Amino acid sequence: MTAETAPSMDLTHHFLIAMPGLEEAPFARSVVYLCEHSPRGALGLIINKPSDINLKKLFDKVDLAFGRSDLSEAPVFQGGPVQTERGFVLHEAMVAEGAEASDTSVYASTMTIPGGLEMTTSKDVLEAMSSGAGPKRVLVTLGYSSWGEGQLESELAENSWLTVGADLSVIFDTPVAQRYDQALKLLGLESWMLSPDAGHA
């Protein structure tokens with residue numbers, strides 16, 4: 001089979017789980033949710049590395065009231081090393097009233113992800129949350145993670161990552177400190193089973 005006809009790998013709506021040998025910050029012991037993966041590259045958000053600010057402080061910084069007491073203590077995450085001054089909101093899919101599920105999102109700049117999630121970068125999602133509305137389940141990051149063409153495939157070949165289909169409960173319902181272990185459990189693994197030297201014998 002030639003390279004041109006080889007099926008391309010698509011890990012959209014999957015978790016990347018860092019292997020112990022991957023020690024570089026910010027990816028050591030990280031769980032990355034992949035929002036997009038195509039032959040051109042991949043984009044994802046780290047879901048288990050909280051920053052030192054919570055959502056209420058973030059809203060204060062962008063001069064918005066905070067109308068969601070259910071989320072005031074929720075951490076803002078370090079989504080990755082790219083554009084760390086910019087916010088990315090991972091949330092359940094929002095459909096405008098009277099619209100079909102396949103219609104575009106209610107927000108201005110949103111990526112629809114198969115699996116029932118969306119990733120929004122426009123401020124209107126924060127404004128909706130400010131008024132007490134907006135998506136119920138959200139994870140907000142500063143920055144994102146990206147891989148160029150063939151880069152992620154190469155890291156997978158080097159056993160830097162494990163992959164597994166994403167489980168929304170790990171993103172939204174699992175305490176931050178347990179997300180790495182919970183993601184591994186989706187593969188039937190425990191962290192002590194992983195060798196830092198896996199794949200490098």
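Me: Are Phe59 and Phe66 buried or exposed?
Reply: Both Phe59 and Phe66 are buried. Keep in mind that this is a predicted model.

Me: What makes the pair of Phe59 and Phe66 edge-to-face?
Reply: Happy to walk through it. A pair of aromatic rings is described by the distance of the centres and the angle of the planes. For Phe59 and Phe66 the centres are 4.7 Å apart, and rings pair if their centres lie within 6.5 Å. The planes stand at 75°, and over 60 degrees counts as edge-to-face, so the pair of Phe59 and Phe66 is edge-to-face.

Me: How many aromatic pairs does the structure hold?
Reply: The structure holds 6 aromatic pairs. Another edge-to-face pair is formed by Phe88 and Tyr144, with 5.1 Å from centre to centre and 65° between the planes.

Me: Why is the pair of Phe88 and Tyr144 said to link distant parts of the chain?
Reply: Phe88 is in strand S6 (residues 82-92) and Tyr144 is in strand S9 (residues 138-147), 56 residues apart. Phe88 is buried, and Tyr144 is buried too.

Me: Which residues form one aromatic cluster?
Reply: Phe27, Trp147 and Trp161 form one aromatic cluster.

Me: Why does Thr120 count as buried?
Reply: Buried means under 20% relative accessible area. Thr120 has 0% relative accessibility, so Thr120 counts as buried. You will find Thr120 in strand S8 (residues 117-120).

Me: How do you know that the side chains of Thr120 and His91 make a polar contact?
Reply: The value is 2.7 Å between the two side chains, and the cut-off for a pair of N or O atoms is within 3.5 Å. The side chain of Thr120 also has a polar contact of 2.7 Å with the side chain of Thr110.

Me: Why does His91 count as buried?
Reply: The limit is again under 20%, and His91 has 0% relative accessibility, so His91 counts as buried. His91 lies in strand S6. Leaving out residues up to four places away in sequence, His91 touches residues including Tyr107, Leu117, Pro135 and Phe172.

Me: What separates the C-alpha atoms of Thr120 and Leu90?
Reply: A distance of 6.5 Å separates them, and the two residues are 30 residues apart along the chain. Leu90 is also among the residues with the most contacts inside the largest nonpolar core, which has 27 residues.

Me: Which residues does the second core include?
Reply: That separate core of 16 residues includes Leu58, Tyr107, Ala128 and Val138. Tyr107 is also one of the residues that Thr120 touches.

Note on methods:
Residues numbered from 1 in each chain as written. Predicted model: local features only at pLDDT ≥ 70, side-chain atom pairs only at ≥ 80, totals over all residues. Heavy atoms only, no water. Phe/Tyr/Trp six-rings, centres within 6.5 Å; stacked < 30°, edge-to-face > 60°. Buried < 20%, exposed > 50% of the residue type's maximum accessible area, 1.4 Å probe, protein only. Helix = DSSP H or I, 4+ residues; strand = E, 2+ residues; numbered from the N terminus. Contact = heavy atoms within 4.5 Å. Polar contact = N/O pair within 3.5 Å; in protein donor to acceptor, adjacent residues only side chain to side chain. Core = buried A, V, L, I, M, F, W, Y, C linked by side-chain atoms within 4.5 Å.
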